[in-house]
Amino acid sequence: MKKQVSVWKEFTKGLWEINPTFKQILGMCPTLAVTVSAINGIAMALATTFVLVFSSFLISCVRKLIPNQVRIASYIVIIATFVTIADLVMKAKFPELSKALGPFVPLIVVNCIILGRAEAFASKNSPIRSVMDALGNGIGFLIALTIMGSIRELLGSRTIFGYQILPNSFEPLLVMILPAGAFITLGLLMGIANAYIERKKKIEHEILINKFRERDSTQINLSHNAELAEE
Amino acid sequence: MKKTIQIVAVLTIIGIISGALLTKVNHWASPLIAANKKAETEKGIFLVQPDGKSYEKIHTSDIEIYKVFDSNKNLIGYSLALEGNGFQGKIRLMAGVSTDLNKITSIEILEQVETPGLGSKITEENFKNQFKGLQTLPQINWVKGKKPENPNEIQTITGATISSKSVVAIVNYGIQKARSLKERGAL
């Protein structure tokens with residue numbers, strides 16, 4: 001039996017530790033394609049989170065009924081159902097939002113974060129844990145897409161969320177809203193994220209080593225004092 | 001053998017449930033979606049003919065075209081709902097033209113799936129405003145990388161030449177169709 005971590009931990013790990021974009025490198029297609037503006041990134045991530053949470057919940061509920069051989073096919077049908085529902089509801093009730101996202105909503109079906117979490121987590125864990133895991137990953141995805149969208153929008157069209165930030169004298173870098181800009185931004189962000197993690201690890205190691213050293217030296221002092229006392 | 005039956009049964013059940021659910025949702029959503037589309041078309045008709053107060057659909061097999069009247073029921077122009085291929089998919093737009101079909105009042109993009117950030121700029125005011133008062137004789141032309149010089153020219157969007165050209169082509173096609181309708185006396 002594998003060690004059970006707390007339900008809260010299932011949620012928080014998706015935010016950073018296994019962030020779908022920076023750590024698992026999943027869902028690259030929407031990450032690269034829709035992040036031309038911050039608002040697009042947020043809308044896409046929210047739609048993905050909706051599908052992720054509901055399909056994770058359902059898949060986790062029926063995980064024991066689905067034979068191993070057809071699990072992927074079953075997951076895809078379940079995910080596609082939720083995506084189509086989301087698409088239809090958005091078209092019927094929020095036509096403006098649906099228009100802004102355009103063809104990217106139906107494409108959530110093939111977003112590998114959803115299938116990845118279904119296969120790696122929801123198919124092995126209880127519904128509550130699966131929902132927390134899905135929420136964590138969804139919000140991790142949201143953070144990543146918002147950062148990427150903001151950077152690309154800022155450099156590519158001088159705005160963030162449609163508000164102008166950079167002055168008109170700044171010539172917009174067209175490359176940032178082209179696919180190449182997405183790859184550049186993603187690469188740099190991933191590099192920064194990894195460098196940060198490495199540094200954090202190193203600092204933790206040093207703290208640990210220092211702790212041991214201190215303990216050792218106090219022990220030596222103690223034994224030294226004890227010797228002195230004996231004499 | 002038991003396993004095979006289970007596999008078939010599970011997939012079938014999932015398929016049936018999913019199908020039933022989607023039928024239900026679609027049944028609820030499709031009239032709403034149709035209503036949204038109609039409201040949008042109506043909005044588009046008056047957006048491209050700002051002085052219009054009422055409209056009337058002309059029944060032709062060629063294109064979707066509406067007569068637009070002002071508050072005194074005088075004909076002030078036509079609104080053409082047009083559709084054509086863009087860079088990545090269909091572009092649906094509404095073009096308003098004067099009664100003699102020689103001048104565009106304005107255009108409005110209703111639907112498009114162009115590249116976000118590039119081709120999607122055809123929906124922005126900067127691009128659409130170029131069509132206001134544009135001459136359509138002999139046809140609309142586009143220029144690239146410089147300011148338009150003639151009254152029937154527009155400038156394409158940097159990085160989205162194909163999308164810009166598509167819009168021009170769609171409007172040209174619509175006006176050409178409308179002209180042939182007028183010659184036949186159908187307008």
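Two strands pair if DSSP finds at least two bridges between them. The legends below describe a predicted model.

**View 1. Pairing of strands β4 and β5 in chain B.** Strand β4 of chain B covers residues 90–97 and runs antiparallel to β5(B). Six bridges join these two strands. Within β5(B), I104(B) is the residue that stands opposite V97(B).

**View 2. The five-stranded open sheet of chain B.** The strand order is β1-β2-β3-β4-β5, and the pairing is antiparallel. At the edges lie β1 (54–58) and β5 (104–111) of chain B, each of which pairs on one side only. On average, neighbouring strands are turned by 25° against each other, direction ignored.

**View 3. Helix α1 of chain B on the sheet.** This helix, residues 2–48, packs on the sheet and touches β1, β2 (64–69), β3 (75–85), β4 and β5 of chain B. The direction of α1 makes about 155° with that of β5(B).

**View 4. Contacts between chain A and chain B.** On chain A, 26 residues are in contact with 21 residues of chain B. The elements giving two or more residues to this side of chain A are α4 (71–93) and α8 (174–177) of chain A. The most comes from α4(A), with 11 residues. By class, the side of chain A that touches chain B has 17 nonpolar, eight polar and one charged residues.

Notes:
Residues are numbered from 1 along each chain as its sequence is written. Chains are lettered from A and ligands numbered from 1 in the order in which they are written. This is a predicted model: local features need pLDDT of at least 70, side-chain atom pairs count only at pLDDT 80 or more; totals for chains, interfaces and linings use all residues. Two residues are in contact if their C-beta atoms, placed from the backbone, lie within 7 Å. Helices (H or I, at least four residues) and strands (E, at least two) are DSSP runs, numbered from the N terminus. Ala, Val, Leu, Ile, Met, Phe, Trp, Tyr, Cys and Pro count as nonpolar, Asp, Glu, Lys and Arg as charged, and the others, Gly among them, as polar. Axes are lines fitted to C-alpha atoms, for helices over the stretch in contact, and angles run from 0 to 180 degrees between N-to-C directions.
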